[in-house]
Amino acid sequence: MIPYAFKYERAASLSEAERMIAQSAEAKLLAGGQTLVAAMKLRLARPSKLVDISGLKELRYIRVGNGSVSIGAATPHNEVATSADVVRAIPALAALAGLIGDPAVRHMGTIGGSVANNDPAADYPAAVLGLGASIVTTRRSIAADDFFKGMFETALADGEIIKEIVLPIPERAGYRKFPNPASRYALVGVFVAKTKSGVRVAVTGAAPCVFRVAAMETALRRSFAPEAIAQIVVSDEGMNSDIHASAEYRAHLVGVMARRAVADALR
Amino acid sequence: MTAVSMTVNGKRVSADAEDRTLLVYFLREQLRLTGTHIGCDTSQCGACVVHVNGRAVKSCSMFAVQAEGADVLTIEGLARDGKLHPVQEAFRDNHGLQCGFCTPGMIMTAIDMIRRKPKLDRPTIRHELEGNICRCTGYHNIVSAIEDAAKRMSGGQA
């Protein structure tokens with residue numbers, strides 16, 4: 001499979017990447033490329049230019065402090081999955097990163113790329129929304145609740161580059177996904193987090209965009225246990241339906257995965 | 001066309017490639033290293049796995065220009081002085097292949113997982129093999145081969 005022709009440029013710094021990306025409306029950032037290159041091979045994407053930011057050291061780090069974990073946008077999934085700091089601070093996040101794709105994908109794919117792409121079935125958006133994280137860009141800081149806008153749509157403006165994701169450390173959290181057996185993307189994935197201020201439940205894979213389940217959050221705030229949400233029926237309205245699973249089945253899986261995620265969080 | 005230079009199996013190489021040339025085509029067509037296979041169009045099969053700077057990656061999912069200056073290891077770079085790598089040896093001894101098409105990717109993935117996870121049990125090996133598809137074996141002997149290779153490489157068995 002041969003992609004359309006494009007021009008490749010490797011940025012030596014974040015500011016150079018900003019200049020390079022501003023020069024062409026059809027330019028795209030290349031981080032790990034584990035979604036973009038596959039889309040380009042199938043000729044579903046046709047950027048005129050790729051600005052490679054995967055080598056930028058200034059975007060590759062994991063820092064813990066002030067009650068949160070900050071992860072540089074170009075940090076690959078495998079580094080998050082195996083980071084002793086992440087495993088200690090937010091074990092559910094490390095576990096989630098270890099479930100993305102397969103080992104080769106996790107060596108290349110990055111957190112910034114996954115969040116910017118906002119694939120409806122990607123894992124990271126569930127953690128970012130479930131933890132109430134902030135997405136820090138070259139221009140501002142965006143709350144997760146305001147960031148994910150729709151299928152492959154985010155609040156990012158043209159030429160705006162994600163620098164880091166800041167994830168508050170919860171009291172406890174869990175993530176469960178029912179993976180598509182071929183792609184390992186989530187048919188349904190649920191991230192549950194209990195913090196000082198409340199409970200957040202974020203669902204990926206089920207609908208065109210990651211979303212929260214208010215009824216479950218209210219019930220879990222009263223009692224953080226799988227039984228607390230056993231009676232909650234999630235409507236299948238607006239859910240995805242395809243050859244892999246019907247909307248009705250996905251709605252059912254939201255309940256099952258949420259209960260298992262709560263059980264994991266209590267472990 | 002851009003001149004792309006990298007180290008492949010310990011040798012400095014340089015060849016012209018378009019920016020859109022995938023690393024796997026660069027290896028197979030420019031360098032004639034056809035041991036790295038292409039088994040799908042969707043980045044899912046893992047037949048093309050090579051090591052770039054010591055990490056297993058799918059060479060169909062990155063461009064050759066991204067590997068400028070990198071250290072690349074392919075299946076052709078494993079045997080030394082006519083002697084197979086312990087993982088290759090273990091695949092042969094355990095009958096870890098039938099048609100052999102997926103084998104280069106399986107072996108490169110296996111070496112990477114043994115390096116990252118010195119203690120490998122069978123469920124872990126299966127989880128680690130999620131990105132490598134085999135249509136012949138049912139994986140059983142591949143798992144056995146990797147388990148065996150991990151033991152040999154840790155010195156637990158001669």
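Domain bounds in this predicted model come from an automatic or database domain assignment.

**Figure 1. Helix 1 of chain B and its cover.** Helix 1 of chain B spans residues 23–30, and B:Leu23, B:Val24, B:Tyr25, B:Phe26 and B:Leu27 are buried in this helix. The cover over the buried residues of helix 1 of chain B includes strand 1 (2–8) and strand 2 (11–17) of chain B. After helix 1 of chain B comes B:Arg32, which has a positive phi, near 60 degrees.

**Figure 2. Packing of helix 2 against helix 3 in chain B.** Two packed helices are described by the angle between their axes and the distance between the axes. For helix 2 (residues 86–93) of chain B and helix 3 (residues 103–116) of chain B, the angle is about 125 degrees and the axes are 10 Å apart. Helix 2 of chain B is therefore oblique to helix 3 of chain B. The crossing of helix 2 of chain B with helix 3 of chain B is right-handed. Helix 2 of chain B brings B:Val87, B:Gln88 and B:Phe91 to the contact, where they meet B:Thr103, B:Ile107, B:Ala110 and B:Ile111 of helix 3 of chain B. By class, the residues of this contact of helix 2 of chain B with helix 3 of chain B are 5 nonpolar and 2 polar, with no charged residue.

**Figure 3. Packing of helix 3 against helix 5 in chain B.** Helix 5 of chain B covers residues 140–153; its axis and that of helix 3 of chain B come within 10 Å and cross at roughly 45 degrees. This angle makes helix 3 of chain B oblique to helix 5 of chain B. The two helices, helix 3 of chain B and helix 5 of chain B, pass in a right-handed crossing. From helix 3 of chain B, the contact involves B:Met106, B:Ala110 and B:Ile114; from helix 5 of chain B, B:Ile142, B:Ile146, B:Ala149, B:Ala150 and B:Met153. The contact of helix 3 of chain B with helix 5 of chain B comprises 8 nonpolar residues, with no polar and no charged residues. B:Ala110 takes part in the contact of helix 3 of chain B with helix 2 of chain B and also in that with helix 5 of chain B.

Figure 4. In their contact, 11 residues of domain 1 of chain A face 14 residues of domain 2 of chain A. Helix 1 (residues 14–22) of chain A gives the most to the domain 1 side, with 5 residues. The residues of the side of domain 1 of chain A that touches domain 2 of chain A comprise 6 nonpolar, 4 polar and 1 charged. A:Ala17 is located in helix 1 of chain A. It counts as buried because A:Ala17 has 22 C-beta neighbours inside 10 Å, the threshold being 20 or more. A:Val51 is 34 residues from A:Ala17 along the chain, with 6.6 Å between their C-alpha atoms.

**Figure 5. The surroundings of A:Lys149.** A:Lys149 belongs to strand 8 (residues 148–150) of chain A. A:Lys149 counts as exposed because 12 C-beta neighbours lie inside 10 Å. Beyond its neighbours within four places in sequence, A:Lys149 is in contact with A:Thr154 and A:Ala155.

**Figure 6. The contact between chain A and chain B.** Chain A supplies 23 residues and chain B 24 residues to this contact. Strand 1 (7–10), helix 2 (36–41) and helix 6 (103–108) of chain A each provide at least two residues of the chain A side. Helix 6 of chain A has the largest share of that side, 5 residues. The side of chain A that touches chain B is made up of 13 nonpolar, 5 polar and 5 charged residues.

Methods:
Residues numbered from 1 in each chain as written. Chains lettered and ligands numbered in written order. Predicted model: local features only at pLDDT ≥ 70, side-chain atom pairs only at ≥ 80, totals over all residues. Contact = placed C-beta atoms within 7 Å. Helix = DSSP H or I, 4+ residues; strand = E, 2+ residues; numbered from the N terminus. Nonpolar A, V, L, I, M, F, W, Y, C, P; charged D, E, K, R; others polar. Axes fitted to C-alpha atoms, helices over the stretch in contact; angles between N-to-C directions. Parallel < 35°, antiparallel > 145°, perpendicular 65-115°, else oblique. Left-handed = near helix turned anticlockwise from the far one by under 90°.
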